[in-house]
Amino acid sequence: TTRSLRRWGDKGALPEPTRTGVARGGTHNRWPAWSVARARWVRSMLDEGYTLDEVAERARALGDIPAP
């Protein structure tokens, strides 16, 4: 969900999006193309039982690499 993506980004598990102009529905966000693979990886790590803080720590170590 959008809420999950925001929370994951706030923790550092996903890169920060580039926020573009405001529209009727709110702001528009643009993430790097590799963010989809990273989000899938985050979800799989959470499903395996890792905490969001643990996943975020690993994600920060990866830097701009999409996912292992």
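Tutor: A helix here is a DSSP run of H or I with at least four residues, numbered from the N terminus. L62 lies in such a run, helix α3. Keep in mind that this is a predicted model.

Student: Why is L62 called partly exposed?

Tutor: Buried requires under 20% relative accessible area and exposed requires over 50%, with partly exposed in between. L62 has a relative accessibility of 21%, so L62 counts as partly exposed.

Student: How far is L62 from G9, in sequence and in space?

Tutor: The two are 53 residues apart in sequence, and their C-alpha atoms are 14 Å apart.

Student: Which residues of α3 are buried, and what makes them one side of the helix?

Tutor: The buried residues of α3 are L52, V55, A56 and A59. Their arc around the axis is only 100 degrees, so they sit on the same side of α3. E57 and A61 are exposed and lie on the face turned away from that buried side. The cover over the buried residues of α3 includes α1 and α2.

Student: What comes just after α3?

Tutor: G63, with a positive phi of about 65 degrees.

Student: Now α2. Why is S35 called buried?

Tutor: The cut-off for buried is under 20%. S35 has a relative accessible area of 7%, and therefore S35 is buried. This residue belongs to helix α2, residues 35-47.

Student: Which residues touch S35, apart from its sequence neighbours within four places?

Tutor: L14 and P15. A contact needs heavy atoms within 4.5 Å, and S35 has such contacts with both.

Student: How do you know that the length of α2 agrees with its residue count?

Tutor: The expected span is 1.5 Å times one less than the number of residues. For the 13 residues of α2 this gives 18 Å, and the end C-alpha atoms are 18 Å apart, so the two agree.

Student: Which residues of α2 are buried, and how do you know that they line one face?

Tutor: The buried residues are S35, R38, A39, W41, V42, M45 and L46. Seen down the axis of α2, they fall within an arc of 160 degrees, so they line one face of the helix. They pack against α1 (2-11) and α3 (52-62). The exposed residues R40 and D47 are on the face turned away from the buried side.

Student: Which residue with a positive phi follows α2?

Tutor: G49, whose phi is near 110 degrees.

Student: What are the overall values for burial, contacts and extent?

Tutor: Of the 68 residues in the protein chain, 28% are buried. Among contacts between residues at least 6 apart in sequence, 51% join residues at least 24 apart. The C-alpha trace spans about 40 × 20 × 15 Å along its principal axes.

Student: And what are the values for surface and charge?

Tutor: The accessible surface of the protein chain is about 4800 Å², with 51% belonging to carbon and sulfur atoms. There are 12 positive and 8 negative charges, and their mean positions are 10 Å apart.

Conventions:
Residues are numbered from 1 along each chain as its sequence is written. This is a predicted model: local features need pLDDT of at least 70, side-chain atom pairs count only at pLDDT 80 or more; totals for chains, interfaces and linings use all residues. Side-chain values use heavy atoms; hydrogens and water are left out. Helices (H or I, at least four residues) and strands (E, at least two) are DSSP runs, numbered from the N terminus. Buried means under 20% relative accessible area, exposed over 50%, partly exposed in between (1.4 Å probe, protein chains only). The arc is that of the directions from the helix axis to the C-beta atoms. Accessible areas come from the Shrake-Rupley method with a 1.4 Å probe; for residues, only the protein chains shown count as cover. Lys and Arg count as positive and Asp and Glu as negative; His and the chain ends are not counted. The place of a charge is taken as NZ of Lys, CZ of Arg, CG of Asp or CD of Glu.
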